[in-house]
Amino acid sequence: MNYENKLTQIITKLECDLDKNWIIIGDNSSGKSELLYRYVERRKSKVYFIDAVNRCFNVREIRLTEEQLGYKESVETIIKCRIDKEFFNLRDSFGSQGHIERLYQMYSDSLHNLILRYLGIDLHFEREKHGEGFGDGNIQASVNGNVVELSNGYQGLLRIFAELIMFCEVFEEKGTIVIDEIDEFLSPKQSYTILQFLIEQFPDSRFIVTTHSNDLICGTKDCNIIVLEDEQYQLLDSNDFTTNTDVATLFKSVFGHSRGWKSDKGEMDELLRKLLEIKLSNCWGDENERELQAINENELTLVQKVIWNQIRGWN
């Protein structure tokens, strides 16, 4: 099968099976971006697209009054801009003006509630208070009453949530939502839960996402998986991958030859997978921490480093 036939067949499957959510994986030369571009361009009137570069949430662009509510935007103008060659995979955008934050009053309550359900935190935006006569301060974020600077992870979540609320509640649309690199900037724990959470919170929408996260695959149920491999592809079921060991095997098949998986590293593979399973089950102890600290990063293969970093990053 050649490259063009592969993309054509996958797009046809995405168009035909409208009841399933889809996860697409593959290395950076597998054609993921081209696949998404063609699919969205072909069905731009029936999908909502959140590009990998649409992850910024600039607090200073927020409007806390309703003065901006006369500003008109539409799904059509948003998607038209995002699939333009000057923007696709290159520049952040939100329609003609480019700042979803300026429409904050349209989705503020829903965003607050969604963050509370997902992260269990009370997130608010308010203007910094200066002394009398010094004018208005900048907009700042507070979490549980404490002023914070939003990390890339927080911004990524806020942006995805705000976009989905705009599409489903403000624009009152239903349909397919395409998110490129959904786990971008997210922690391993958030990657594990994010897609399943979105599926449950937005039941009238269907999701097509790309990812490099085996946590996301392990944490998501009832999805089709498309594995892109050179000029071929596979169709799999996420329900067949219930542990990180299962997903590690899948990632070996996708990235193994190009990323240097070594079959003689079986002992280290087993140790890393054991430690990851213990971390995920919240049974981590001092002995496990000593085992982790004893591992020499320089002796790991690239795939093993992925698992090693996941163990270290999971809180």
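This is a predicted model: local features need pLDDT of at least 70, side-chain atom pairs count only at pLDDT 80 or more; totals for chains, interfaces and linings use all residues.

Colleague: OK, and where is Ser-191 placed?

Modeller: Ser-191 is in helix H6, which covers residues 188-201.

Colleague: Is Ser-191 buried or exposed?

Modeller: Buried: the relative accessible area of Ser-191 is 4%. The cut-off for buried is under 20%, so 4% qualifies.

Colleague: Asp-215 was on that list. Which other residue has Asp-215 as a contact?

Modeller: Asn-244 does. Leaving aside neighbours within four places in sequence, Asn-244 is in contact with Asn-214, Asp-215, Cys-218, Leu-276, Glu-277, Leu-280 and Gln-310. Asn-244 belongs to helix H8, residues 244-259.

Colleague: And is Asn-244 buried or exposed?

Modeller: Asn-244 is buried too, with a relative accessible area of 3%. For a sense of the fold around there, Asn-244 and Lys-274 are 30 residues apart along the chain, and their C-alpha atoms are separated by 9.4 Å.

Colleague: Switching topic: which residues touch the most others in the largest nonpolar core?

Modeller: That core has 80 residues, and the ones touching the most other members are Tyr-107, Phe-125, Phe-161, Leu-198 and Phe-207. Helix H5, residues 152-170, gives the largest share of this core, 10 residues. There's also another core apart from it, of 10 residues, including Ala-248, Leu-272, Leu-276 and Leu-292.

Colleague: Can we zoom in on Leu-198? What is Leu-198 in contact with?

Modeller: Setting aside neighbours within four places in sequence, Leu-198 is in contact with Ile-160, Phe-161, Leu-164, Ile-179, Ile-182 and Phe-207.

Colleague: What does Lys-44 touch?

Modeller: Ile-79 and Ile-83, not counting residues up to four places away in sequence. The C-alpha atoms of Lys-44 and Lys-80 are separated by 7.7 Å, although the two are 36 residues apart along the chain.

Colleague: Let's zoom out. How many helices and strands are there?

Modeller: The protein has 11 helices and nine strands. Its radius of gyration is 21 Å, close to the 20 Å the globule rule gives for 315 residues, so it is as compact as a globular protein of that length.

Colleague: And what box do the C-alpha atoms fill?

Modeller: Roughly 70 × 50 × 30 Å, taken along the principal axes. Of the 315 residues, 49% count as buried.

Colleague: How many contacts join residues at least 24 apart?

Modeller: As a share, 73% of the contacts between residues at least 6 apart in sequence.

Colleague: Last one: how many positive and negative side chains?

Modeller: There are 36 positive and 53 negative side chains, and the centres of the two sets lie 3 Å apart.

Conventions: Residues are numbered from 1 along each chain as its sequence is written. Side-chain values use heavy atoms; hydrogens and water are left out. A nonpolar core is a set of buried Ala, Val, Leu, Ile, Met, Phe, Trp, Tyr and Cys residues joined through side-chain atoms within 4.5 Å. Buried means under 20% relative accessible area, exposed over 50%, partly exposed in between (1.4 Å probe, protein chains only). Helices (H or I, at least four residues) and strands (E, at least two) are DSSP runs, numbered from the N terminus. Contact means heavy atoms within 4.5 Å. The radius of gyration is taken over C-alpha atoms; the globule rule is 2.2 Å times the number of residues to the power 0.38. Lys and Arg count as positive and Asp and Glu as negative; His and the chain ends are not counted. The place of a charge is taken as NZ of Lys, CZ of Arg, CG of Asp or CD of Glu.
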